[in-house]
Amino acid sequence: MSSLNKGLGKVEVTLKWDPSPLGEPDIDLDIIAGTYSAADPYGDPVYLVHFDSRSPDGTITLNRDSRTGQGFGVDEAMTLEFERISEEYARVVVGVAIQQREERRTFGHVPHTAARISEGVNELAAYDFGDVAGATASTIAEFRRDEAGVWEFRENVRGFDEDPDAFGRLMGRRPV
């Protein structure tokens, strides 16, 4: 079946936060994308894209990675090129995890956290993580391929109390 709907093309996910106060340990947030197969769209991710990685086919790339939140504007940025993602994939879930080092940190501990999802100049969603302030990780977006093969965006803010490794395994599972 074909569709006249063009669907999503190139999407950017950005993340920013304020650095920790002087003398306190750095706060490190990471954007993570999980890609799921059409055969098992709620199973384990086929691959994850996060700091120091990109998708095997180059369609999902982490362009900017901060370990401190220092700098002007965006601290992390990820590009997803949906028009190039293979038909063997049906879902991509994007989330944010807080690195847990010296002490447990939740989004409520991270000042001025904000994520933005956009396609070109069109903002698809913006989040401040207030709804998941007690979580250490959160999904923020779900992208699904419909029956016609067109990629669609769905808001998906869901908090987790997991470290980044466990979050990467669980982020695409159906809510219980």
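Modeller: A charge sits over a ring if NZ of Lys or CZ of Arg is within 6 Å of the ring centre and within 35 degrees of the ring normal. In this predicted model, local features need pLDDT of at least 70 and side-chain atom pairs pLDDT 80 or more, while totals for chains, interfaces and linings use all residues. Residues are numbered from 1 along each chain as its sequence is written, and side-chain values use heavy atoms, without hydrogens or water.

Biologist: Which arginines lie over the face of a tyrosine here?

Modeller: Arg91 lies over Tyr36, at 5.1 Å from the ring centre.

Biologist: How many aromatic pairs does the whole structure hold?

Modeller: Rings of Phe, Tyr and Trp (its six-membered ring) pair if their centres lie within 6.5 Å; planes under 30 degrees apart are stacked, over 60 edge-to-face, the rest tilted. The search finds 6. One of them joins Phe82 and Phe143, a tilted pair with 4.7 Å between centres and 40 degrees between planes. Phe82 is in the loop between strand S5 (76-81) and strand S6 (89-98), and Phe143 is in strand S9 (residues 137-145), 61 residues apart. Strands are DSSP runs (E, at least two residues), numbered from the N terminus.

Biologist: Where does Phe153 come in?

Modeller: Phe143 also pairs with Phe153, again tilted, at 5.5 Å centre to centre and 50 degrees. Phe153 belongs to strand S10 (residues 151-160) and is 10 residues from Phe143. Phe82, Phe143, Trp151 and Phe153 make up one aromatic cluster.

Biologist: Why does Phe143 count as buried?

Modeller: Buried means under 20% relative accessible area. Phe143 qualifies because its relative accessible area is 0%. Phe82 is buried as well.

Biologist: In what order do the strands of the open sheet run?

Modeller: Two strands pair if DSSP finds at least two bridges between them. The sheet has 5 strands in the order S3-S2-S6-S9-S10, paired antiparallel. Strand S3 (47-49) and S10 are the edges, each pairing on one side only. S9 and S10 are antiparallel over 8 bridges, and Glu142 faces Arg154 of S10.

Biologist: Is Glu76 buried or exposed?

Modeller: Glu76, in strand S5, counts as buried because its relative accessibility is 0%. Contact means heavy atoms within 4.5 Å. Leaving aside residues up to four places away in sequence, Glu76 touches several residues, among them Val13, Trp17, Asp28, Asp30, Ile31, Leu62, Arg64 and Asp65.

Conventions
Helix = DSSP H or I, 4+ residues; strand = E, 2+ residues; numbered from the N terminus. Buried < 20%, exposed > 50% of the residue type's maximum accessible area, 1.4 Å probe, protein only.
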